[in-house]
Amino acid sequence: MDYQAVVDGFSAMACIVSVEKNPDRNQRIYRIVTGNRAYIETIEHPAPGTEMLTNTFTPNASIRHI
């Protein structure tokens with residue numbers, strides 16, 4: 001499936017999130033697979049006074065392990 005085409009169909013911020021579970025289901029890996037331009041702009045050019053963990057959007061990068 002072309003996830004980029006899906007998110008590009010939205011004018012508002014949109015992204016595709018993936019959640020992977022390990023076999024015993026007690027740990028999860030979250031990834032932002034892709035985002036549209038409006039979403040990526042919020043990461044690469046955040047609002048004044050907003051602190052981000054990163055200023056570069058990297059498709060499919062792991063963002064959180066729980």
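**Salt bridges**

A: Glu 20 and Arg 31 form a salt bridge through their side chains, N to O at 2.8 Å. The term covers a side-chain nitrogen of Lys or Arg within 4 Å of a carboxyl oxygen of Asp or Glu. Because Glu 20 lies in strand S1 (residues 15-21) and Arg 31 in strand S2, the pair ties together parts that are 11 residues apart in sequence. This is a predicted model, in which local features need pLDDT of at least 70 and side-chain atom pairs count only at pLDDT 80 or more, while totals for chains, interfaces and linings use all residues. Residues are numbered from 1 along each chain as its sequence is written, and side-chain values use heavy atoms, with hydrogens and water left out.

Q: How many salt bridges does the rule give?

A: The count is two. Glu 41 forms a salt bridge with Arg 37, with 2.9 Å between the closest N and O atoms. These residues are four apart in helix H2, so about one helical turn separates Glu 41 from Arg 37.

Q: Is Glu 20 buried, partly exposed or exposed?

A: Buried means under 20% relative accessible area, exposed means over 50%, and partly exposed is in between (1.4 Å probe, protein chains only). Glu 20 is partly exposed at a relative accessible area of 35%. Glu 41 is partly exposed too, at 30%. Over the protein chain, buried residues make up 18% of the 66 residues.

Q: Which elements does the protein chain have, and in what order do they run?

A: Helices (H or I, at least four residues) and strands (E, at least two) are DSSP runs, numbered from the N terminus. The protein chain has two helices and three strands, and from the N terminus on the order is α-β-β-α-β. The C-alpha trace spans about 40 × 30 × 15 Å along its principal axes.

Q: Where does Asn 36 lie, and what does its side chain reach?

A: A polar contact is a pair of N or O atoms within 3.5 Å; within protein, one must be able to donate a hydrogen and the other to accept it, and residues adjacent in sequence count only if both atoms are side-chain atoms. Asn 36 lies in the loop between S2 and H2 and is buried, with a relative accessible area of 3%. Its side chain reaches the backbone nitrogen of Tyr 39 at 3.0 Å. A polar atom of the Asn 36 side chain also lies 3.1 Å from the backbone oxygen of Phe 10.

Q: Which residues is Thr 34 in contact with, leaving aside its neighbours within four places in sequence?

A: Contact means heavy atoms within 4.5 Å. With those neighbours left aside, the partners of Thr 34 are Tyr 3, Gln 4, Val 7, Cys 15, Ile 16 and Phe 57. Thr 34 lies in strand S2 (residues 28-35) and is buried, at a relative accessible area of 8%. The side chains of Thr 34 and Gln 4 are joined by a polar contact of 2.3 Å.

Q: How do contacts in the protein chain divide by sequence separation?

A: Among contacts between residues at least 6 apart in sequence, 49% join residues at least 24 apart.
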